[in-house]
Amino acid sequence: MSEQSSLPPSDPGLALCLSSSFFGYYAHLGLLSALEQRGLRPGRIAGASAGALAGGLWAAGLRGEELARIIFDFHFLRAFFDLGAFLRLPGIVTGIAGAGLLSGVRMRRYLSRCIGDRRIEDLRNPRLEIAVSNLTRQRPEVRDSGPLNEFMIASCAMPVLFKPQRIGGEDFLDGGVANESPFDHWLDDPTVHTIVVHRIRHTSEMGGLPWRTPGGILGACHGVAANELHRRRCEQAEGSGKRLVFLETGHECPGLLHRGKARGYFAAGEKTGQEWGG
């Protein structure tokens with residue numbers, strides 16, 4: 001496991017937001033890799049859902065071949081799923097019992113083997129912030145402290161697909177529910193001069209599941225809400241005096257069995273990072 005102390009220093013005023021996206025961590029990590037190769041190292045990273053997973057792995061010090069061995073490993077993809085989902089499925093479908101198909105337990109164990117049991121506040125190069133939906137307090141939050149692995153999983157825990165994640169006596173779910181692009185908390189921070197927001201676009205013409213499936217409809221509804229909230233955040237940002245940059249990576253919507261295409265998604269994010277003028 002890489003040591004953060006061995007990494008080159010980052011720019012404390014450059015903040016990178018990694019937006020929510022279905023299996024979007026490949027493109028996010030590709031972008032981060034390309035930026036670092038160019039000497040652009042954000043001092044702060046905030047992520048929601050897949051963005052939180054990518055940001056957590058990067059902030060924990062994973063780079064190069066070490067990072068590739070994890071994210072392109074079949075066991076990494078398989079760690080999202082657990083056999084208990086088959087037992088929970090009837091209760092979920094009928095509405096009789098169950099709060100979600102997947103528990104997140106296997107992924108928590110996998111991440112513990114890869115990056116250990118760290119805390120968010122211990123990651124300083126770059127600093128990390130994770131967007132979650134706090135069901136107990138009924139509000140979106142951006143957490144900069146707490147158990148890293150648990151909050152990474154909570155931020156990825158799509159409602160119904162995942163059970164709420166219990167952390168410190170409170171229940172959490174997907175950070176992308178109300179904070180698909182968590183950057184507005186930086187607008188009043190005088191230490192931040194540039195905010196870069198990386199979003200991933202899944203286009204129907206590139207393939208993927210048609211929107212008329214249940215999952216597609218749920219995703220389309222989420223997209224409507226996310227785009228409206230994003231528009232309002234952009235309006236709020238206009239008067240902040242910050243330099244605000246939006247980067248977009250486009251690729252097909254990954255299916256559940258997308259393993260053979262993962263390197264292509266990573267390369268798409270790399271291309272975005274290489275083409276940005278900085």
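1. Phe23 is buried, with a relative accessible area of 10%; buried means under 20% relative accessible area, exposed over 50%, and partly exposed in between, using a 1.4 Å probe and protein chains only. The model is predicted: local features need pLDDT of at least 70, side-chain atom pairs count only at pLDDT 80 or more, and totals for chains, interfaces and linings use all residues. Residues are numbered from 1 along each chain as its sequence is written, and side-chain values use heavy atoms, with hydrogens and water left out.

2. Phe23 sits in the loop between β1 (11-18) and α1. Helices (H or I, at least four residues) and strands (E, at least two) are DSSP runs, numbered from the N terminus. Phi of Phe23 is near 50 degrees, a positive value in a residue other than glycine. Most residues other than glycine have a negative phi, and most peptide bonds are trans.

3. Gln138 also has a positive phi, of about 60 degrees, although it is not a glycine. Is Gln138 buried or exposed? Gln138 is exposed, with a relative accessible area of 66%. Its place is the loop between β4 and β5, strands that form a hairpin with four residues between them.

4. A cis peptide bond joins Asn125 and Pro126, with omega about 10 degrees. Pro126 lies in the loop between α6 (105-115) and β4.

5. Strand β4 (residues 127-134) is mostly covered, since seven of its eight residues are buried. Two strands pair if DSSP finds at least two bridges between them. With strand β2 (residues 42-48), β4 pairs in the parallel sense over five bridges, and Ala46 stands opposite Glu129 in β4. Five bridges join β4 to strand β5 (residues 139-143), and these two run antiparallel. With strand β8 (residues 170-173), β4 pairs in the antiparallel sense over two bridges. Ser133 has Pro140 as its bridge partner in β5 and Leu173 as its bridge partner in β8.

6. The second largest pocket has a volume of about 180 Å³. On a 1 Å grid over the protein atoms alone, a pocket is an open set of points where a 1.4 Å probe fits, with protein on both sides within 12 Å along at least five of seven lines; lining residues have an atom within 4 Å of a point. Grid points are joined across faces, edges and corners, and a volume is the space filled by probe spheres set on the points.

7. Which helix gives the most to the lining of the second largest pocket? The answer is α3, with five residues. The pocket is lined by 13 residues, of which Ser33, Arg63, Gly64, Glu65 and Phe266 lie nearest its centre.
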